[in-house]
Each structure stands twice: as structure tokens, then as C-alpha cells.
There are 2 protein chains.
Amino acid sequence: MSAPSRRAVIGGAGLAGLSGLALAGCGRSGEGDAKAANGDPPGVAVTARAREFHGARQHGIADAPQAHAVWVAFSLPKAVRRDDVRRLLTVWSDDIARLTAGSGTLTDQEPELAEMVHRLTVTVAVGPGFFERIGASAKAPSWLKPLPRFDQIDGRLDDRWAGTDLCLQIAAESAATVSHTQRQLITAAGRLAKVEWVQRGFREPVAQPHWGSMRNLFGQKDGTVNPVVDGEDDAVIWAGDDAGWFAGGSAMVIRRIVMDMDSWDRADRYSRENAMGRRLDNGAPLTGGDEMTPPDLLAKDDLGFPVIDNGAHMRRAMPRAPHERFLRRPYSYDDSTDPDGTGLVFVAFCADPVRQFVPVQRRLAQADLLNLWTYPIGSAVYAVLPGAADGEYLGQSLFA
Amino acid sequence: MSAPSRRAVIGGAGLAGLSGLALAGCGRSGEGDAKAANGDPPGVAVTARAREFHGARQHGIADAPQAHAVWVAFSLPKAVRRDDVRRLLTVWSDDIARLTAGSGTLTDQEPELAEMVHRLTVTVAVGPGFFERIGASAKAPSWLKPLPRFDQIDGRLDDRWAGTDLCLQIAAESAATVSHTQRQLITAAGRLAKVEWVQRGFREPVAQPHWGSMRNLFGQKDGTVNPVVDGEDDAVIWAGDDAGWFAGGSAMVIRRIVMDMDSWDRADRYSRENAMGRRLDNGAPLTGGDEMTPPDLLAKDDLGFPVIDNGAHMRRAMPRAPHERFLRRPYSYDDSTDPDGTGLVFVAFCADPVRQFVPVQRRLAQADLLNLWTYPIGSAVYAVLPGAADGEYLGQSLFA
């Protein structure tokens, strides 16, 4: 009655066998692409489809954000050693190559569920404990550590949502695809990694080209000011060649931000737009134009007050130097009707969060009118591994 | 800084004002339809779009199932009286008419979020306590009571998911739309109704015409045998003219069924298909054909055993009389990695669950091979109110 368990397969076949299978999965990518095309919403660029796993960078960062995402954080149990971690990355790399191509994993008994590829991406990221465990701490990016504490706003941070040894970002246009993929990758990890937390998010499906940027639960357009992900702003998001083995990697910052819907409901539209510094309907700065018009931060009203308040979120968040930019890829969450049950999974990618993200977050902590209605309860920083070359697995150079 | 709260509006304007506004919202339905068309996935029939709220029946039953749904169960606090319940139904009717037409509610400060209509439907249903509170117990359908206890399987039923006084089913192609609508309708209820539980579900987006019936988390096609919802099987789903004020109403049964993914993972493909009586890949009966081919329940294999096991789910679930049919509209849930965190929100609609649903459920409780891997933790029965005529609110005839 029982099929061989995944762990038995891992133990029996060993690394060589699995590497070979990874290559086999890669060879079927043409078929996978055809299936992926079926799952594409209209209006999505061809380049945003599920695509070949192997390459210099992982997917799930530059891709147009899918409607659903989950972040699954794992710790490495004490008994897990360097070789176990290598095995885990090998298996995950193989599984992800197959799942994002629309095939079942090696031991998947529901391969039909994997056919629902829906622009699936899986992004593997690691925390400081990962490098300690594999005995390569010196290779960790220097910025890989918890964010500094922002005293003004961080009073309700909860370790429940803190950084861990590993994190998977799984995203697709279908919640069913995300659920199946999550299940497969947790099962594949078996006793090698323990789930610490799961955060789920959603956004407006991208099939709505008239819609523009995502609207969060406050109705605000979110992520208006974002770098260009087609090459121009590469250095903002990705580690460059000077990063050695980490070239093609990135930093992933996850802040779980409660949005207090009850108190927001009691604020009028003027207060809401003033707090953001933008109009709610079209996302334009209060100084006019449309969503993409640069704001006039010096403009005054008839009484001599700034049109865009000194504490407006957009003023405080705006980069004051070219390096203060990063890629926002936020998702709403609505897990329960508890007071902290609704909000934003704020996710940002950049080459160096200490240099790029922290100065902006510090300004927001000091004075951001939105802080009246929001507070973070989770904060985590991970290093997104560089992509895996053909026939390799993620992080392979760390085990050379 | 504070806008008038919804409760202040309710208290101040009274019923006459709100009824007038309901008509105004209805007059804008042309505009709403145009917006709704933007949210339609390709391949969805025009009739399945968000549409005029008023009519003989509520929406969300005959519509092709949307990718996301939530069921929000409410109790009526002790202080709430007949007139309060009428007020609640008036406000909800107005809000639902507006939201499903792509407009904000009367006091919605984020009307932009309501533009994301995405085939939104909201279905209002009531429990026995509703009729007691309004002093019209005699008018409740005779079948409106908890299902009988099915001793073989119901040992883990939890009152946490039991029936209540009111229940909203909110469904749309976008989780963001569902979330916004849920928030608006809970806020509108204010102190008139208290949230008892929320169940969320998802299914494969219907934009996949090649996909056919929904696959549940076990990879099984679910809902293959369903009545025709375009008129032929009306009497299966809807109360007829002989039901008096309830004509156009329906019963909604919600069973929360845990699916034990760990033990399912240990079953091989043969055992899985045998338990269902169908192939996993195309959903065809084990006696051949395709998903829609009738099974040959008498067929034997070379050894003389039935090809479709006597305990196979499909054999047990199959109607043994014409009245043993109902509309399945199930959704998967994946709320947590706890043992009961994944499964199916089984939702069925029919004219009379005692007559149509209970005999089938009794057979499944007695012997269904799937019971090895599944068990219900929630069970609720509600009466879906008939639709509201032009200018009326849901349930209005009960307050005449």
C-alpha cells in the first residue's frame, strides 16, 4: 500500500542520481513552457511566464507579481549537518525546476496538480544560521542580520515572525498552485527543515491592465516608485560580480505590517490622502498629475503650508540619494478578524538592505503619518541565493 | 478628522432613506456591468458575470464557481430585535447591490477597491435563530436544523464551525475583492451581528477551460456529478412556488472536511484511485471512458471482484433515486500546517437537504474508503433567502 517515501529516495539515490534527474527535468522545459502559456493571464509579457529554472538569478523577483504568494520560514534542526543541507538544496532545486515547468516532482503522486503552473515561481533564501550550519559563515553577505530596531515603531515586533535559517517565497496566479507547491516542498524537506512560520498574501490579479499598481487594504496604490527590472536598475536589486559567489543574489526583507482597519475607517478622505501624500483614486501626488508624475515637494498652499505634508508617507519614503532605492513586492494579508489579522506583507528586494533600505525605514520610523494606523509585528532579512547554473543546484558553490 | 460612522448613518437616515438609495444603486447597474466585464476571466459565459442584484434568486449558486470564496457566520447578539434584523437586511441588500455592480457602498471610503468586481457574488443565508428572533419561526423551512449526527464519522465535529443565525457566502475571482467585500459587510453590520467564524476557500481559476472540474488537495476531480444549473434541474436546487414566501430560496450545507495530507501521501496511486472509484488523471470511472462517462457499477475483474470497489466514494455518493441530487460547490482550504489545517469546505445547495443530502451522507458515513483520510470538523445548515424584487430588500416579505 505504501509508496517509497521521499526520504527513502533521497537516502537511496544519493546526490549523483538526483543531479541527473535535475538535468532530465531541465530537458523537458519546452513542454513545461507550453503548459505555462495556458496559465498566463492576458496582458502578461512573455518574459513573465514560468520559465527555465537554471540561470544566473532566481525567479520571483523581477517577475510581474503574481496574485498569490506564501513565505514559508524554516529552521534547521540541531541534528542537521552540512551534508544534509546540501542534500536539501539539491532536492529543492530539482523539485522547483520540475514544478515551475509544470511537472510533478520526482515522487509526486498528484502530478496533475503540478500542471496548474500559473506563472509559478519559487525563490530560495537563507538566513545567518544557514551559513553557520554549513561552516561557511565568512561567505555570508555582510548585511545578512536582523534589521536594527526602530524604536518608534517596533514595540510590537513578535519573534513569531522573525528571521530563520531558510525561507521559500512561492508565488503564482492561483492559490491552488501555491498550496500544492508549498505542500510538495515542505514534504520534500522532511526532517531536514522544520516550518517556523507561514505568511500568505494576495494582490489584485495582474490580468487587470487598467488597474496599475496594487492597491493595499487601505485602498492606497502601493509600489508606485519601483526600480526598472529589465536591466537598467540591476545594481539596485542584484549583487554584482564584485560579490564573488553571491553575484546574482539579492536581499529579501519581509516586514509584517498590521493595518488597523477600524481606526482607518474613522479617518476621512482628506486625512487619508494627506497621510500618504497622494490621491487615493489615481495615486497621483497631491501636487497634481498622474500616478507616475514626480511630486513637487516644495509646493505650498495658500496659507504657506506644504501641499505634501512633511510627515506624508511618500515624502518620507522617497529616496534622498540614488542608493536609497529597492524593489517593493508587497502583498496584502487577511488571515482573521483579530486586530492584527489584516495588513501588508511588505517584501523588498535589494542588493544591500543596510545601505539601501535601512535609511528609508529610519525616516519612516521617525515620522510617517501612516504610523497612526499601522505597526510592524514581524521583521526578517534573508539572502536570496544566486541562480543555479545548468546541471547545478542552488548554493552549490558553497559546498565545493 | 472623523467621517460619520455607518451606524450613525443607519440610525439617522432610517429605512426610508436607505431604500431610496438602494434604488439609486440599482439604477447604476449598467455602469457596473461594464466594469464587471473587465474582471471576467476569458472563457466565462456572459451569464456568469456579476449582474443585477434584484431578481427571483440570489447569485453565488448557479454561477460558475469563482476562484475564491469566504463564508462568514454571524450570531445575533441578545439585544438585537426584529426591527434591527430588518435594518441589517436592508443595509446588506443595498451594499451587496452596489458592491456586485462595482460601486462603493454608501459610506465606503475606498470605493476604488469596489471597482475590482471580478465576478463578485454575495449570498445571504439564515439559520433557525434568525426566524426565532424575528418572531416568524413558523415560516422557517422544515429542514432548517442541524444535520443528524453521523456517528461513524462525526466524532471530531467542533462547535466552532457549527451553524449560526446568519451566514454570508462571498465569492470572486480575486482574493482582494473577497477581502474588501467581507470587510465592508462586517463593518456595515456593526453591533447588529457578531462574527462567529470565517472559513476561506480557493479553487483553480476557471480561466482554465482545459482543466474541467476542480481538483481538491488530494488531486481528485471534485464535483463531476452536478445538476444542470441552466434550468433543467431547477427543482433540485431551488425551492419552488409551493414553498410560498421561500420560493427561489435554497439550502446551503457547509461541511468542513479535514484532508489528512500526511497519510494520503503514504497511499499509493492504486489505493487512491480505488478509494475514489475514478482515475486521478482524467477523473474517469475505473470502468473506463472519460470524466463524464457513467460508471459500470456491475463490472467485475478477472477474479470476480467489482472493478469499482463497494466502498468507493463515487459508488456510495451516487444518487440511488432522482431526489438524491444536489449542487456541489466545494472549495479547498489551506489555513495552516496544523493537522486539521488543510481540507475541503464542502458546500452543497439543494431545495431540501433532509430529503436530498442526508441519505447520501448517511451512505458515505457508513462506508466510504475516503473516510480513511478525511473527517469532518464542521457542519452547518442555512436557508438561502430568495432573491429581492426590484426596490425590495432580502427577506422583506418576512417583515410585512
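Two residues are taken to be in contact if their C-beta atoms, placed from the backbone, lie within 7 Å. By that criterion, in this predicted model, 41 residues of chain A are in contact with 42 residues of chain B.

On the chain A side, the elements that each supply at least two residues to this contact are helix H4 (111-114), helix H6 (175-189), strand S4 (194-202), helix H8 (261-265), helix H9 (269-276) and strand S9 (331-334). H6(A) provides the largest share, 5 residues. Sorted by class, the side of chain A that touches chain B has 15 nonpolar, 13 polar and 13 charged residues.

The arrangement of the two chains comes next. In general, two copies of a chain are related by a rotation about an axis and a shift along it. Here a rotation of 180° with 0.0 Å of shift along its axis superposes chain A on chain B, with an RMSD of 0.0 Å. The two copies are therefore related as by a two-fold rotation axis. Both copies use the same surface: 100% of the contact residues of chain A recur in chain B.

Within chain A, the domain assignment gives domain 1 (7-209 + 236-249 + 384-390) and domain 2 (261-380). The contact between them takes 27 residues from domain 1 of chain A and 26 residues from domain 2 of chain A. On the domain 1 side, strand S1 (68-75), S4 and helix H7 (234-237) of chain A are the elements that give two or more residues. S4(A) gives the most to that side, with 4 residues. S4(A) is also among the elements that supply at least two residues to the side of chain A that touches chain B. By class, the side of domain 1 of chain A that touches domain 2 of chain A has 18 nonpolar, 4 polar and 5 charged residues.

A strand of chain B shows how individual elements are packed. Strand S11 (residues 374-384) of chain B has 9 of its 11 residues buried, so S11(B) is largely enclosed by the rest of the structure. Burial here requires 20 or more other C-beta atoms within 10 Å of the residue's own.

S11(B) pairs with strand S7 (residues 250-259) of chain B in the antiparallel sense over 10 bridges. It also runs antiparallel to strand S2 (residues 121-126) of chain B, to which 2 bridges join it. Residue B:Val384 takes part in both pairings: B:Val384 is the bridge partner of B:Ser250, and B:Val384 is likewise the bridge partner of B:Ala125.

Key:
Residues are numbered from 1 along each chain as its sequence is written. Chains are lettered from A and ligands numbered from 1 in the order in which they are written. This is a predicted model: local features need pLDDT of at least 70, side-chain atom pairs count only at pLDDT 80 or more; totals for chains, interfaces and linings use all residues. Ala, Val, Leu, Ile, Met, Phe, Trp, Tyr, Cys and Pro count as nonpolar, Asp, Glu, Lys and Arg as charged, and the others, Gly among them, as polar. Copies are superposed by least squares on the C-alpha atoms of residues with pLDDT of at least 70 in both. A residue is buried if 20 or more other C-beta atoms lie within 10 Å of its own, exposed if 12 or fewer, and partly exposed in between; C-beta atoms are placed from the backbone. Two strands pair if DSSP finds at least two bridges between them. Domain bounds come from an automatic or database domain assignment.
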